[in-house]
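Biologist: I have this chain open on my screen and would like to go through it with you. Could you take my questions one at a time?

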Amino acid sequence: MRELLSLMKRLLFLAEDVEKNKDAVKEVRQELKETQRELKELRHELQNVSEGMTRMFYETQRLITEERHEREKLELRLQATPSSQAQLPMAVEEPQ
């Protein structure tokens, strides 16, 4: 009789543990869903930042090229003006 009572107690404790584990699994699944949602949002934000940085890079490159062309045009205009040749220094070195 004692063995039967002991087995029933163990069975009851095991049933309680199973219920606790079920609740824990349910909670972990909910946390996983939330984490996956947050990760998806972060990926979207990272994509937006990456696209913005790419646009900034190309815009910077465009401005650098445009500025170089403007300097070249100015140099050509100055070289083409006979009166300015006497006033300009022979060579202007750009800083490196």
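Biologist: Let's start with charges, then: which residues are linked in a network of salt bridges?

Modeller: This is a predicted model, and in it the residues E59, R62 and E66 are linked in such a network. R62 meets E59 in a salt bridge with a nitrogen-to-oxygen distance of 2.5 Å, and R62 also meets E66 in a salt bridge at 2.8 Å, again from N to O.

Biologist: And where do those residues sit along the helix, how far apart are they?

Modeller: E59 and R62 are in helix α1 and three residues apart, so about one helical turn separates the two. R62 and E66 are four residues apart in helix α1, which also puts about one helical turn between them.

Biologist: How many salt bridges does the count come to?

Modeller: The count comes to five salt bridges. One of them joins K22 and E19, whose closest N and O atoms are 3.7 Å apart; both residues lie in helix α1, three residues apart, which is about one turn of the helix.

Biologist: Is K22 exposed or buried?

Modeller: K22 counts as exposed because its relative accessibility of 52% is over the 50% cut-off.

Biologist: Which residues form the negative surface patch?

Modeller: That negative patch is formed by D23, E27, E31, E34 and E38. Taking E34 as an example, this residue is in helix α1 and is partly exposed, with a relative accessible area of 40%.

Biologist: What about a nonpolar patch, which residues make it?

Modeller: M1, L4 and M8 make a nonpolar surface patch of about 400 Å². M8 lies in helix α1 and is exposed, with a relative accessible area of 52%.

Definitions and conventions. Residues are numbered from 1 along each chain as its sequence is written. This is a predicted model: local features need pLDDT of at least 70, side-chain atom pairs count only at pLDDT 80 or more; totals for chains, interfaces and linings use all residues. Side-chain values use heavy atoms; hydrogens and water are left out. Patches are made of residues with over 30% relative accessible area and no salt bridge: like charges are joined within 9 Å, nonpolar side chains (Val, Leu, Ile, Met, Phe, Trp, Tyr) within 5 Å. Accessible areas come from the Shrake-Rupley method with a 1.4 Å probe; for residues, only the protein chains shown count as cover. A salt bridge is a side-chain nitrogen of Lys or Arg within 4 Å of a carboxyl oxygen of Asp or Glu. Lys and Arg count as positive and Asp and Glu as negative; His and the chain ends are not counted. The place of a charge is taken as NZ of Lys, CZ of Arg, CG of Asp or CD of Glu. Buried means under 20% relative accessible area, exposed over 50%, partly exposed in between (1.4 Å probe, protein chains only).
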